[in-house]
Amino acid sequence: MLVREGFPVSDTPKWPVRIGFPLDYREPLFPNLFSDAPVKINV
């Protein structure tokens with residue numbers, strides 16, 4: 001489930017894994033940390 005939801009993140013299959021926090025989980029994980037403003041993602 002964690003892999004499917006995007007929590008472990010890696011640049012390639014052989015790179016170390018780091019924790020990722022998908023935007024869908026920001027409020028449950030960090031309540032009231034972020035405003036209700038739209039999220040801007042610079043790619």
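Reader: Is Leu23 buried, partly exposed or exposed?
Author: Leu23 counts as partly exposed, because its relative accessibility is 44%, where buried means under 20% relative accessible area, exposed over 50% and partly exposed in between, with a 1.4 Å probe and protein chains only. This is a predicted model, in which local features need pLDDT of at least 70, side-chain atom pairs count only at pLDDT 80 or more, and totals for chains, interfaces and linings use all residues. Residues are numbered from 1 along each chain as its sequence is written, and side-chain values use heavy atoms, leaving out hydrogens and water.

Reader: And where does Leu23 sit?
Author: Leu23 lies in the loop between β2 and α2 (26-29), and the elements of the protein chain run α-β-β-α from the N terminus on; helices (H or I, at least four residues) and strands (E, at least two) are DSSP runs, numbered from the N terminus.

Reader: How much of the chain is buried, then?
Author: Of the 43 residues of the protein chain, 7% are buried.

Reader: What about pLDDT?
Author: pLDDT, the predictor's confidence in each residue from 0 to 100, averages 75 over the protein chain, with 86% of the residues scoring at least 70.
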